[in-house]
Amino acid sequence: MSEVLDIFCPLCDRPLAHPYNRHHLLPLSKGGKGTTTILLHKICHDKIHSVFTEMELKRHYNTIALLKENEEIANFIKWVSKKEPQFYDKSVRKKR
């Protein structure tokens with residue numbers, strides 16, 4: 001079983017556990033080198049990138065608060081919040 005950390009995923013508010021990723025609030029491909037990053041569960045990170053293009057992330061969804069306002073992300077958070085911190089589902093990464 002993977003270690004659960006004493007910090008929480010800012011998207012789903014579950015304790016952070018492996019697998020997790022570093023997310024650039026401003027995408028690297030859109031000028032985000034050296035900008036703020038946050039740790040997210042891999043499933044949460046994958047969901048963000050399956051819903052939004054890099055340009056949408058840059059222009060409209062470059063904070064956690066803005067991401068959480070999106071209906072699809074809000075529904076995902078409601079669903080994933082009932083899962084164990086280590087839960088991962090590969091199908092979440094499917095592109096639109």
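The radius of gyration is taken here over C-alpha atoms, and the globule rule is 2.2 Å times the number of residues to the power 0.38. This is a predicted model: local features need pLDDT of at least 70, side-chain atom pairs count only at pLDDT 80 or more, and totals for chains, interfaces and linings use all residues. Residues are numbered from 1 along each chain as its sequence is written, and side-chain values use heavy atoms, with hydrogens and water left out.

**Exercise 1. Overall form**

Task: Compare the radius of gyration of the protein with the globule rule.

Solution. 
- Start with the rule. For 96 residues, a compact globule would have a radius of gyration near 12 Å.
- The protein has 13 Å, which agrees.
- The C-alpha atoms fill roughly 35 × 25 × 20 Å along the principal axes.
- Count the elements. There are four helices and four strands. Both are DSSP runs numbered from the N terminus: helices are H or I with at least four residues, strands are E with at least two.

**Exercise 2. Burial and contacts**

Task: What share of the 96 residues counts as buried? What share of the contacts with a separation of 6 or more comes from residues 24 or more positions apart?

Solution. 
- Buried means under 20% relative accessible area, exposed over 50%, and partly exposed in between (1.4 Å probe, protein chains only).
- Of the 96 residues, 36% count as buried.
- Take contacts next, meaning heavy atoms within 4.5 Å. Among those with a separation of 6 or more, residues 24 or more positions apart account for 58%.
- Finish with the surface. The protein exposes about 5800 Å² (Shrake-Rupley method, 1.4 Å probe). Carbon and sulfur atoms supply 53% of that area.

**Exercise 3. Aromatic cluster**

Task: Which residues do ring pairs link into a cluster? What is the geometry of the tryptophan 79 and phenylalanine 87 pair?

Solution. 
- Rings of Phe, Tyr and Trp (its six-membered ring) pair if their centres lie within 6.5 Å; planes under 30 degrees apart are stacked, over 60 edge-to-face, the rest tilted.
- The structure holds three aromatic pairs. Tryptophan 79 and phenylalanine 87 form an edge-to-face pair, 5.6 Å centre to centre with 75° between the planes.
- Phe76, Trp79 and Phe87 are linked into a cluster.
- Tryptophan 79 is partly exposed at 34%, and phenylalanine 87 is partly exposed at 26%.

**Exercise 4. Backbone exceptions**

Task: Where is the cis peptide bond? What is the phi of aspartate 13?

Solution. 
- Recall the background. Most residues other than glycine have a negative phi, and most peptide bonds are trans.
- A cis bond joins histidine 18 and proline 19, with omega about 0°. Proline 19 lies in the loop between β2 (15–17) and β3 (20–24).
- Aspartate 13 has a positive phi of about 65°. Aspartate 13 is in the loop between β1 (4–8) and β2, and is partly exposed at 48%.
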